[in-house]
Structures are given as structure tokens and as C-alpha cells.
Amino acid sequence: MSVGRITMIEWTSDEAMQSAFKLYLSTQKEYFPNAQAVINVKTGPLSMMSLAIYESFEEAEKNLVGRQKFNDTVAIFVKDTFYYEGDLHYFFQDPNAEIVSEYTEQDRLFFEAERKAERPS
């Protein structure tokens with residue numbers, strides 16, 4: 001059965017949240033390579049909820065090292081964070097829906113490439 005991991009984060013400032021989110025986009029495939037789906041929702045001026053779906057608990061556990069790396073990097077900007085996880089009991093996506101988000105896969109690829117270009121070889 002698939003597993004959902006829901007992470008709640010409250011940031012210290014809007015600038016911190018925006019910077020952290022760009023970092024997340026640039027590291028998502030590196031730190032969370034086996035996430036099957038990710039939905040990030042800005043739930044307040046400085047808060048966010050992230051829902052990641054994994055094939056199994058074992059696959060979700062493989063990302064804990066990457067999750068810790070990300071959390072360590074942004075820790076100074078985080079006021080509070082915690083996560084829940086559990087079996088996915090229901091999933092629905094309307095095949096005709098046009099889901100629109102602030103950031104897209106193209107943005108993720110842009111920030112990922114920008115981060116790689118900044119790294120010394």
C-alpha cells in the first residue's frame with residue numbers, strides 16, 4: 001500500500017520561506033528521489049504543508065537521510081516543523097482537472113540547474 005508523509009512547517013519570515021522553497025525545488029530529486037507525488041500547500045502567511053506519496057513505508061524511509069539534509073540546511077529559518085505518515089486510504093485525481101500551482105516542474109528543473117551551476121566542480 002502507498003504511504004503518505006505530511007510535513008508541516010512554519011517559517012521565520014516570508015523571505016526564509018521563499019528561499020527554502022527554491023532550495024527544496026533544486027534538491028527534490030536529489031533528497032527525495034523516490035517520491036511518487038508531492039503537493040505543497042501554503043497554509044498561511046508563514047506556514048506550509050507538504051504531502052509526499054511513496055510506494056511503501058520502506059521507500060518513504062529511504063528518504064529520511066535526504067529529509068534530514070534538507071532540514072539541517074533550512075533549520076535556521078524554521079520556527080516549527082513536524083510530520084505524520086500513514087497508509088494512503090484514498091486518492092482521487094479528476095482526469096479532466098487542470099491543476100495550477102505557483103511553481104511547476106519547469107521551475108524545479110530551473111532551480112535544480114541553477115544549484116548545480118553554483119556548485120564547484
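The model is predicted, so local features need pLDDT of at least 70 and side-chain atom pairs count only at pLDDT 80 or more, while totals for chains, interfaces and linings use all residues. Residues are numbered from 1 along each chain as its sequence is written, and side-chain values use heavy atoms, with hydrogens and water left out.

View 1. Helix H4 spans residues 105–118; helices (H or I, at least four residues) and strands (E, at least two) are DSSP runs, numbered from the N terminus. Its 14 residues reach 20 Å from first C-alpha to last, close to the 20 Å expected at 1.5 Å a residue, the expected span being 1.5 Å times one less than the number of residues. Look for Arg108, Phe111, Glu112 and Arg115, the buried residues of H4 (buried means under 20% relative accessible area, exposed over 50%, partly exposed in between, with a 1.4 Å probe and protein chains only). Seen down the axis of H4, these buried residues fall within an arc of 105 degrees, so they line one face of the helix; the arc is that of the directions from the helix axis to the C-beta atoms. They pack against helix H1 (14–31), where contact means heavy atoms within 4.5 Å. Gln106 and Ala117 are exposed on the face turned away from the buried side of H4.

**View 2. Helix H3 and its neighbours.** Here Gly66, Arg67, Phe70, Asn71 and Val74 of H3 are buried. They cover an arc of only 135 degrees around the axis, which puts them on the same side of H3. These buried residues pack against E1, H1 and strand E4 (78–87). Val65 and Asp72 are exposed on the other side of H3.

**View 3. The largest cavity.** About 240 Å³ of space lies in this cavity (on a 1 Å grid over the protein atoms alone, a cavity is a set of points where a 1.4 Å probe fits but cannot get out, and a pocket is an open set with protein on both sides within 12 Å along at least five of seven lines; lining residues have an atom within 4 Å of a point). Grid points are joined across faces, edges and corners, and a volume is the space filled by probe spheres set on the points. Of its 17 lining residues, Thr7, Ile9, Tyr24, Phe32 and Ser50 lie nearest the centre.

**View 4. The largest pocket.** This pocket has a volume of about 820 Å³. Val38, Ile39, Asn40, Ser101 and Tyr103 are the closest to its centre among 25 lining residues. H1 gives the largest share of the lining, seven residues.
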